[in-house]
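Let's take a walk through this model, starting with the overall build and then moving to the charged pairs.

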Amino acid sequence: MLLTAALALVSAAMLAGTRRRGDGNGAAVHRLVRYLAPSGPPPETRPPAWARLDRVVLRWPAVALLERRAGQAGVKAPVSALLLATVAAAAAVGATAGLLRGPAAGLPAAAAIVLVAGVALDAARGRRIRTVEAQLPAAIDLLVGQLRSHRSIGEAFGDVAQWIAEPLRTECGRVAEELRIGVPLARALDRLRDRVPAPAVPGIATAIAVADRTGGNLVECLVRQAESARAQIAFRHEVRALTAHARTTGTALALLPAGVAAAVLLFDPNVFAPMLGTPAGHVLLGLAAAMEVCGWQAVRAMIRRVEG
């Protein structure tokens with residue numbers, strides 16, 4: 001990956017001098033730098049300051065994982081900007097809570113902001129993955145129609161990108177651009193699978209790659225994959241309907257203690273005063289919050305295990 005990125009940058013530097021001679025070379029350099037770079041927002045969409053910060057913070061594996069999940073959620077902002085925005089919001093909320101309720105309330109408030117940001121990112125990622133999964137059968141049908149019209153696989157992806165809605169339009173368009181600049185089909189599909197971790201995508205990508213490598217009937221493989229994707233989507237909808245009660249119960253149980261504590265604090269603040277005004281109360285509140293988060297995550301993990 002690093003070697004490929006270096007080659008892309010060298011190619012861009014070599015062709016930069018001839019960019020004014022024709023639009024074709026300039027477009028080629030543009031696509032090379034954009035699509036041969038690591039995953040994440042394309043380099044030309046990042047201001048230079050954010051690009052430099054990204055190169056620094058992406059050395060940490062946790063930040064690289066965050067960038068990957070942000071890309072899967074459809075977030076276009078640089079990962080350094082996301083980190084700075086989260087830290088600034090947590091610091092502002094923590095300082096406000098510390099001024100209003102004392103220093104002991106600042107750290108839990110800041111931690112709550114970080115937790116809310118993580119939950120929002122995870123929710124956006126799941127929503128985008130479900131949307132892409134719902135679009136896959138129609139996209140495969142369009143791809144099959146283009147292949148039956150004797151279009152190449154790259155041209156077929158480009159045509160599908162013109163007719164399908166977001167967010168799958170962007171992903172198909174990126175695959176088409178990668179194939180247009182000479183990226184191998186297997187690698188382009190691997191990158192698609194990494195950007196869109198929907199359950200049905202690996203099977204479709206594997207079927208296309210195997211049919212292309214072995215010379216099999218790609219149209220027949222895609223028709224079968226479309227049927228399989230529709231069956232998987234129907235099964236997942238049925239499972240989500242069966243687990244709706246468990247999800248609602250888990251959410252209610254997670255919010256109930258916080259709701260009761262807020263009601264007690266609202267109606268009779270003196271009853272809750274020992275929890276907010278003593279070190280022992282702060283420790284108990286921290287333990288209660290940690291147990292709430294752990295219990296909520298345990299319930300979600302069990303439901304996800306059932307949903308597959």
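How many helices and strands are there in the protein? There are 14 helices and 0 strands, where helices (H or I, at least four residues) and strands (E, at least two) are DSSP runs numbered from the N terminus.

Before going further, some ground rules. This is a predicted model, so local features need pLDDT of at least 70 and side-chain atom pairs count only at pLDDT 80 or more, while totals for chains, interfaces and linings use all residues. Residues are numbered from 1 along each chain as its sequence is written, and side-chain values use heavy atoms, with hydrogens and water left out.

pLDDT is the predictor's confidence in each residue, from 0 to 100. The mean for the protein is 79, and 84% of its residues reach 70 or more. Over residues 1–26 the pLDDT is below 50, and beyond near neighbours in sequence this stretch has 16 contacts in the model (contact means heavy atoms within 4.5 Å). Residues 28–36 are also below 50, with 29 contacts beyond near neighbours in sequence. Where pLDDT is low, the predicted coordinates should not be read in detail.

**Overall packing**

Of the 308 residues, 33% count as buried. Here buried means under 20% relative accessible area, exposed over 50%, and partly exposed in between (1.4 Å probe, protein chains only). Among contacts with a separation of 6 or more, 59% are between residues 24 or more positions apart.

**Helix H5**

Does the length of H5 agree or disagree with its residue count? Its 23 residues (79–101) should span 33 Å at 1.5 Å a residue, and the end C-alpha atoms are 32 Å apart, which agrees; the expected span is 1.5 Å times one less than the number of residues. Val 79, Ser 80, Ala 81, Ala 90, Gly 94 and Ala 97 are buried in H5. Their cover includes helices H3 (48–57), H4 (61–72) and H6 (106–148). After H5 comes Gly 102, with a positive phi near 105 degrees.

**Salt bridges**

The structure holds 14 salt bridges, each being a side-chain nitrogen of Lys or Arg within 4 Å of a carboxyl oxygen of Asp or Glu. Here are some of them:

| Pair | N to O distance |
|---|---|
| Arg 68 and Asp 194 | 2.9 Å |
| Asp 141 and Arg 230 | 2.4 Å |
| Glu 178 and Arg 174 | 3.8 Å |

Arg 68 sits in helix H4 and Asp 194 in helix H9 (residues 185–195), so that pair links distant parts of the chain, 126 residues apart. Asp 141 lies in helix H6 and Arg 230 in helix H11 (residues 218–242), so this pair ties together parts 89 residues apart in sequence. Asp 141 is partly exposed at 39% relative accessibility, and Arg 230 is partly exposed at 38%.

Glu 178 and Arg 174 both lie in helix H8 (residues 168–180), 4 residues apart, about one turn of the helix. Glu 178 is buried at 0% relative accessibility, and Arg 174 is buried at 11%. Salt bridges that share partners join Arg 128, Glu 171, Arg 174, Glu 178, Arg 191 and Arg 195 into one network.

Arg 128, from that network, is found in helix H6 and counts as buried at 14% relative accessibility. Leaving aside neighbours within four places in sequence, its contacts include Glu 171 and Arg 195, along with Gly 71 and Pro 167.
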